[in-house]
Amino acid sequence: MKIVIAGCGKVGRSIAEQLCTENHDVTVIDNNPERLHNLAKEIDVMVIEGSAINRETLIEAGCKEANLFIGLTGNDELNLLSALLAKRCGVEQTIVRVREPEYGDEVHDLARDLGISMIINPEQEAAKEIFRSLALPQSVSSEAFCSGKAEIFKVRVTTGSVLENLPVKDIPAKLHSNILACIVERNDKAYIPDGDFVLKPKDIVSITGNSAEVRNFFSKIHLKPTKIRRIMAVGAGKVAHYFCAMIRNTRQSLILIDNNPKVCEKAAQEQPHVTVIQGNGADERLLQEEGLEEMDAFISLTGMDEENIILSLYASQKAHIKTITKVNRIEFDELLDSLDLDTVINPKHLCADAIIRYVRAQAGGINSCVETVHKMAKDQVEALEFLINDPKLPIDIPLKDLALKNGTLVALIVRDNKSILPRGNDCLKMGDRIILITTQKGFSSLQDALKERSWI
Amino acid sequence: MNLGIILYVLGMVCMFEAGFLLLPLFTAFLYQEYNIVQVYGICIVICMVIGLILVMTTRKNRADMKPKEGVAIVGLSWLVLSLLGALPFFLSGEIPHYIDAFFETVSGFTTTGSTILTDVDAMSYGSRMWRSFTHWVGGMGVLVFLLALLPSKNGSFMNLMMAESPGPDVSKLVPKVRDTAKYLYWIYIGMTAIQLILLLLAGMQVFDAVTLTFGTAGTGGFAVRSSGFEDYTILQQGIIAVFMMLFGINFNFYFLLIKGKLKDAFKMEEVLTYLGIIVAVTAVIVISVYPMFNNLFYAIHHVFFTVSSLITTTGYATVDFNLWPSIALVLLVTIMFIGACAGSTGGGIKVGRINIMVKGIVKEFYTLFHPRSVKKVRMDGRPIAHDVVRSTNVFIALYLLIFVGSVILVSLNGKDLVTTFTAVAATLNNIGPGLAGVGPMSNFSELSYFSKLVLSFDMLAGRLELLPIIMLLIPSMWKVSRKPRQNLKG
């Protein structure tokens, strides 16, 4: 695809890099020549200096033939307008980043009116991600599919756990829970396990199944999903704003701490269901006073990454509760992994991932029925979401008779909004969505995943 | 310095060279020169073996290419290419001394066209084809060719292209380096094909047409007959003259033409300046040499051919311009230095750089009159980064330094001033023939081996825009980086 990106900040840069390795033609527009110069030295993209609302700049960047325009400058309105201008130049699709909460939900209607294909709000994505991970037990993470109707969970096998030395095929019988282990990561290498694969401590297992069975599985391996009721959050920025709105109608209570009186004032006005505390969140005594130890979860959302990390470490050490840490800038992923932080949320990565997913799904072409593509296990595994919409596909054939390529697995079927764990005798039906896990790259349709002519 | 990636690319270059050598092998086969076939066969095997060894041993431990490695690769590739390319001349005994063979090959790849051969006709058809083919390969650049064929994952390969393509500021035509390289080669191949067809239609023999087209396309200039251009008709000479001029134009111009952006194409200042210089210099010289021809048509024809040949640094000659009046000679030496457009196959300082330099000077004067004025040097209507202006000035300063240094070294040879001066000018600017002792009807064979090495160095420096070759001489370039420490925790 030919893609034009306006703005090469952090998100723009990482998207450009990712898209470039996936062999798209990328052109980046920015008005900072120095930044562009550095970008061009490191990444194989074309760079154009200029403003994204200048028609000539847009045309020079190739908007006449481009398939996709992504507006990622620091200014929401500029992004929206430039997308509109790019569309007038002839770009087929546009993605725009809008961060201002004041637009509210109206922004999606606005996008429809303006003909914008997708609006991405990093802070809102982050809030959603926080909300979702609060529902999970400690030390479990998940990835959502089929617009949230299906999830893949990642669990680490600890020493002495029931899972230790257990062959994968024995999991359902031994634990009385009907789940499927679809990926095992061991020593930075990802495997698609067959039935005889034996789990070892330190393995990270990804599992799928319907939600009741998964909950059952967690309790069987002694990971109780603690019911999170009381939450403490430090930092009342944009992420906090969206998060507050999300828990409005739940039974969760939130104590929100911020040092800035004006911000507190505003939060108190907008979120009457939240207890707003004005004070220094990095003050040990204040945290104690507000009852950190009685909390079920702690979220650090200040503007400073270092402070967030320290606060979360403190909370996890003092109160042994689930912590969620927002990190914006810090890149040292391996170091963060080694720290005792439960969930780390990076709005910029979430934003980049969402855009990349969109592009991947589009890049497959019109004939492709890939809906989304998730890269998992450090990019070694792809999880693809397919819609079964073509009568030529292997419908009504038991899965055990389908000859899938090596390292490929049907992990989940979503039928009528319910997730079904696929077993050998299940068949695919029209209108199903399936999640396919594969170590091979570049499938654009279900046929690609089948060995040649096996189902005719 | 990461040796892995450098050796890997060098290995690839060796294998490509083996591929290039197939053409002379095939030619020799056609002309039934079986001993020459044997020599080229041996050379292909040598290149393949070296290439395979290098590629196989470094396949695993190559890291990313940083700018430093990019520059080193460019410098070394051209050196390796010339060292191996000289083998067939040497092994076949057609050029008995290896340094002569090396000089001839460097002259070929750098599209210079200076020769040490006294009798071209004595050479086998295979070797003559190889000489001319090196021009074509060297014209667009071997590494650009490599880029067009090899998949590149990140931007690091851009470093190669920047180092190999002539010009002050290399811009991509399309987002991907690889696609840009492909476009350049397709334009190159297309224009070469058109010229070949025209020459054949004009009745030239196939062998001459092919070799002269290679020489024109790369703006090289090796003659394929001892008689030079005397045997060719005016029409054939005219076609070559026009195509020399066309190959000296910035290839971005053709890209814009293909894309249908005629307006943008004809607004390129560099191309306009280049054409302007050709017209103006031709006009002045025609006036000065008119008495020698006594025929306006012949005068214009030969002068245009010579100007086109020298400004593009090709170096073909239809007449002995050595005999022309001083004003003509001085102008010819001047356009030798100016050279062709950036982003073309020609050499010299490049019209684009001259443009920027002149504009920089004008700007300096302007600030003298208006000390507080803020002014930007512009090219094609857009402001140029100060870095480009600065590096242009540095380039020209370095050019002069190398030039003076080389003249001093070559003067040890004891030739007269004009010979020494133009020998260096002709090689550093990748032209071919100079004046007096190295004029169009003489050759470089009488110079000492030391002079030939100095001039070989000048040719490489000129073709690669000085820096990659100079960098190879700097010791700190060769510090091998330490291997990353093993993680003790395992």
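Let me start with I395 of chain A, which sits in the loop between β19 (381-387) and β20 (408-415) of that chain, where helices (H or I, at least four residues) and strands (E, at least two) are DSSP runs numbered from the N terminus. Before I go further, please keep in mind that this is a predicted model, in which local features need pLDDT of at least 70 and side-chain atom pairs count only at pLDDT 80 or more, while totals for chains, interfaces and linings use all residues. Residues are numbered from 1 along each chain as its sequence is written, and chains are lettered from A and ligands numbered from 1 in the order in which they are written.

Is I395(A) buried, exposed or partly exposed? Because I395(A) has 14 C-beta neighbours inside 10 Å, it counts as partly exposed; the rule is that a residue is buried if 20 or more other C-beta atoms lie within 10 Å of its own, exposed if 12 or fewer, and partly exposed in between, with C-beta atoms placed from the backbone. If we leave aside the neighbours within four places in sequence, I395(A) is in contact with I388(A), L428(A), K429(A) and M430(A), and by contact I mean that the C-beta atoms of two residues, placed from the backbone, lie within 7 Å. As for C63(A), which is 332 residues away from I395(A) along the chain, the two C-alpha atoms are separated by 41 Å.

That brings me to the domains of chain A, whose assignment gives domain 1 (2-120), domain 2 (132-220), domain 3 (228-350) and domain 4 (364-449), with bounds that come from an automatic or database domain assignment. The centres of domain 1 and domain 3 of chain A, taken over C-alpha atoms, are 32 Å apart, and four residues of domain 1 are in contact with four residues of domain 3.

Now to a run of parallel strands in chain A. Strand β13 (residues 253-258) is joined by four bridges to strand β14 (residues 275-278), and the two run parallel; strands are said to pair if DSSP finds at least two bridges between them. I257(A) has I277(A) in β14(A) as its bridge partner, and β13(A), helix α10 (residues 261-270) and β14(A) make a right-handed β-α-β unit. Right-handed here means that, with the strands pointing away from the viewer, the path from the first strand over the helix to the second runs clockwise.

Further along, strand β15 (residues 297-300) of chain A is joined to β16(A) by four bridges, again in parallel, and A297(A) is partnered by K322(A) in β16(A). Helix α12 (residues 305-319) of chain A takes part with β15(A) and β16(A) in a right-handed β-α-β unit. On to the next strand: three bridges join β16(A) to strand β17 (residues 343-345) of chain A, and these also run parallel, with V344(A) as the bridge partner of T325(A). Here the right-handed β-α-β unit is made by β16(A), helix α13 (residues 333-338) of chain A and β17(A).

Why can we call β16(A) largely enclosed by the rest of the structure? The reason is that five of the five residues of this strand (residues 322-326) are buried, so it is largely enclosed. In a regular strand the side chains alternate between the two faces of the sheet. In β16(A) both faces are covered, with K322(A), I324(A) and K326(A) buried on one side and T323(A) and T325(A) buried on the other.

There is an antiparallel arrangement in chain A as well, an open sheet of five strands in the order β7-β8-β11-β9-β10. Its edge strands, β7 (140-145) and β10 (189-191) of chain A, each pair on one side only. Within that chain, β9 (residues 180-186) and β11 (residues 204-208) run antiparallel and are joined by five bridges, and E185(A) has I204(A) in β11(A) as its bridge partner.

Of the residues of chain A, 41% count as buried. Chain B has 22 helices and two strands, and buried residues make up 50% of its 490 residues.
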